[in-house]
Amino acid sequence: MDEQTVTRLSVLADKVRLDTLKTLKNMGYGHLGGSFSIAELLAVLYGKQMRIRPQEPRWADRDRLVLSKGHAGPGLYAMLANMGYFDKSMLATLNEGGTNLPSHPDRLKTPGVDATTGSLGQGTSVAAGIATGLRLDKKDNYVYLICGDGELNEGQCWEAFQYLAHFKLNNCIVIIDDNKKQLDGLTVDIMNPFDFQKKMEAFGFYTLKVKGDDIRAIDAAIEELKSVKDQAVCLVLDSIKGQGVPYFETLNDNHSVKFNNDEINQAAEETIVALEKSIKEREQVNV
Amino acid sequence: MFKQIETAELGKELRMVVVDTIKALMDENKRVIALDADLGSASGWTTLEGTNKERFFNMGIAEANMVGVAAGLSLTNYIPFIHTFGPFATRRVFDQMFISGGYAGNTINVYGSDPGFAAGPNGGTHTTWEDVALMRMVPNSTICDAADEVQMEWIIRTFSQLRGIHYVRGNRKAVHKVYAPGSTFELGKGNLLQEGNDILLVAAGQLVYETLQLTKLLVQEGYSVAVIDMFTIKPLDKELLLAQSKDKKLIITIENHSINGGLGSAVAETLAENGCGIPLQRIGVNERFGQVGTPDFLQAEFGLTTDKIYEQVQPNLANLN
């Protein structure tokens, strides 16, 4: 990947962070940590890998993205808005009564949302079903299934994984956002996941692991997974909850962040200013 | 139009009616697809592999995944039919059916087999007397209880043409014939099988046959009895129910289900909301779990044979006189 593309995608990732932060701060609370941890992933997918037409969200030949960790909806919405699926002004309506941007993605409401998720675990099977349908139709599209590490507490995920592996549905790229935290604390303390890579390999998956903020590595891994024949594929994203902003990375309770005190509000303001400045600088260099 | 037949004959096994109908649908429409959760040998669905192997999936013993995969298939414009035993098709996968299915606007056609006493030797773990109650709670769902083979075929064919969550329950084995071959029905419309002035019997599923036997006993005793086969429990045919309840002295619902949440409840709600002050008796199961036994034993144990139903309605009949 050339330097210009890396810069373009890193800018896109930070735009996801910036717009997510603005949206959540405006609302006063929200799922920040798990949105930030997939910012680079979303940038690589929407900015490079996915075959999509934002002006035609239900284009039959599009690749699909199933955000099974539906609580990262704000991050997804920020990406969809940046891709032009809808106007950015809509982001401010998150969770408002009657909004088309509910906390958890709803395919019937939001342009660009391919699957309704939020009841954890269920997106895995839905993605497997979409992959099955695409395979039967002999389409060369991909389904990108993004699971949370905490989400994998849910048994249904493992039902879906064994199904994907058994039927060798390598058109469904399973991505585990291993950001090490779930709502009540560290995944290792709540329900030890042990080694996701080994687990997925034991389930029959060709599995790669990369740093969650390494755009080149994420992209290269997806390319490699697309070249795998006759085997289900998985990417473990070694990420950080709150990734990309040191204040939020180290914030203890960063699953759903509450903007309810001077310290956090000041940190948010400073982050917004810094991200805007940094994005502007990189975009100027990258023209 | 439907035509009743008078016979004590058993029909074709309902599971094979379902299989053969889906097989025909798969031949007719390349978007029809079938999923079973490792009960294909028990349901006959493994025979679907014969002609359309690529569109039959044995999902293993993983019902939640089966429902989610069906939702995903719906998102790629397939028309999924899924099967497992009634309790696992509803109770076990309720959130998947509700969210991945209904809430997400997807289409899933469900055959939940061996409801209620039909679970027989599989016993209490495999018994559902709450499947209809659960499925009624999925907004805009459609729920049918098939009276016989002719109706089952019609229901499966009809489901294949609709979008949404559709549930049909039915014995795997043969049940008594009620309708003549070629009969057609209307979804959401009850079938008035007999007109009468004193008592209204509202039944669904294989107990429609028992209800017709009960009717004969009551008629012999001089009662004038109306009978509705309310094979679509949701949406309920309120119009027919209210029209037929007019001037009746007693209404009785009969179902192979809990009296709470199913046909009896739906009828009670409708009657109460419309100010019908007519005595209502709900025949079914009340606050009991299933148990093991032959289906015949269980049908009697839970008071759902013609004789047992007849016994249970006696106090209310006495009040009529």
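**Exercise 1.** Leaving aside its neighbours within four places in sequence, with which residues is Thr132(A) in contact? State also where Thr132(A) lies and whether it counts as buried or exposed.

*Conventions.* This is a predicted model, in which local features need pLDDT of at least 70 and side-chain atom pairs count only at pLDDT 80 or more, while totals for chains, interfaces and linings use all residues. Residues are numbered from 1 along each chain as its sequence is written, and chains are lettered from A and ligands numbered from 1 in the order in which they are written.

*Solution.*
- Step 1. Thr132(A) lies in helix 5 of chain A; helices (H or I, at least four residues) and strands (E, at least two) are DSSP runs, numbered from the N terminus.
- Step 2. Two residues are in contact if their C-beta atoms, placed from the backbone, lie within 7 Å. On this criterion the partners of Thr132(A) beyond four places in sequence are Leu169(A), Val69(B), Gly72(B) and Leu73(B).
- Step 3. A residue is buried if 20 or more other C-beta atoms lie within 10 Å of its own, exposed if 12 or fewer, and partly exposed in between, with C-beta atoms placed from the backbone. Thr132(A) counts as buried because it has 28 C-beta neighbours inside 10 Å.
- Step 4. Between the C-alpha atoms of Thr132(A) and Cys172(A), which are 40 residues apart along the chain, the separation is 8.9 Å.

**Exercise 2.** Describe the side of chain B that touches chain A.

*Solution.*
- Step 1. Chain B contributes 21 residues to the contact, and chain A contributes 21 residues.
- Step 2. At least two residues of this side of chain B come from each of helix 4 and helix 6 (94–103) of chain B. Helix 4 of chain B gives the most, with nine residues.
- Step 3. By class, the side of chain B that touches chain A has 12 nonpolar, seven polar and two charged residues. Ala, Val, Leu, Ile, Met, Phe, Trp, Tyr, Cys and Pro count as nonpolar, Asp, Glu, Lys and Arg as charged, and the others, Gly among them, as polar.

**Exercise 3.** Characterise two helix pairs of chain A: helix 5 with helix 6, and helix 1 with helix 4.

*Solution.*
- Step 1. Two packed helices are described by the angle between their axes and the distance between the axes. Axes are lines fitted to C-alpha atoms, for helices over the stretch in contact, and angles run from 0 to 180 degrees between N-to-C directions.
- Step 2. Helix 5 (residues 122–136) and helix 6 (residues 155–166) of chain A cross at roughly 20°, and their axes come within 7 Å. Helix 5 of chain A is therefore roughly parallel to helix 6 of chain A. Angles under 35 degrees count as roughly parallel, over 145 as roughly antiparallel, 65 to 115 as roughly perpendicular and the rest as oblique.
- Step 3. The crossing of helix 5 and helix 6 of chain A is left-handed; a crossing is left-handed if the near helix is turned anticlockwise from the far one by less than a right angle, and right-handed if clockwise. Residues making the contact include Ser125(A) and Ala128(A) of helix 5 and Ala160(A) and Tyr163(A) of helix 6 of chain A.
- Step 4. Helix 1 (residues 3–27) and helix 4 (residues 73–83) of chain A pack at an angle of about 120°, their axes being 8 Å apart. Helix 1 of chain A is therefore oblique to helix 4 of chain A.
- Step 5. Helix 1 of chain A passes helix 4 of chain A in a right-handed crossing. Their contact residues divide into seven nonpolar, four polar and two charged.

**Exercise 4.** In what order do the seven strands of the open sheet of chain B run, and which strands stand at the edges?

*Solution.*
- Step 1. The order is 2-1-3-4-6-5-10, with mixed pairing; two strands pair if DSSP finds at least two bridges between them.
- Step 2. Strand 2 (56–58) and strand 10 of chain B each have a single partner strand, so one side of each is left without a neighbour in the sheet. From one strand to the next, the twist averages 20°.
- Step 3. Strand 5 (residues 142–145) and strand 6 (residues 165–170) of chain B run parallel and are joined by four bridges. Arg169(B) in strand 6 of chain B is the bridge partner of Asp145(B).
- Step 4. Helix 4 (residues 63–75) of chain B lies across strand 1 (32–36), strand 3 (79–85) and strand 4 (108–113), running at about 170° to strand 3 of chain B.

**Exercise 5.** Where is the cis peptide bond that has an omega of about -5°?

*Solution.*
- Step 1. Most residues other than glycine have a negative phi, and most peptide bonds are trans.
- Step 2. The cis bond joins Lys234(B) and Pro235(B). Pro235(B) is in the loop between strand 10 and helix 10 of chain B.
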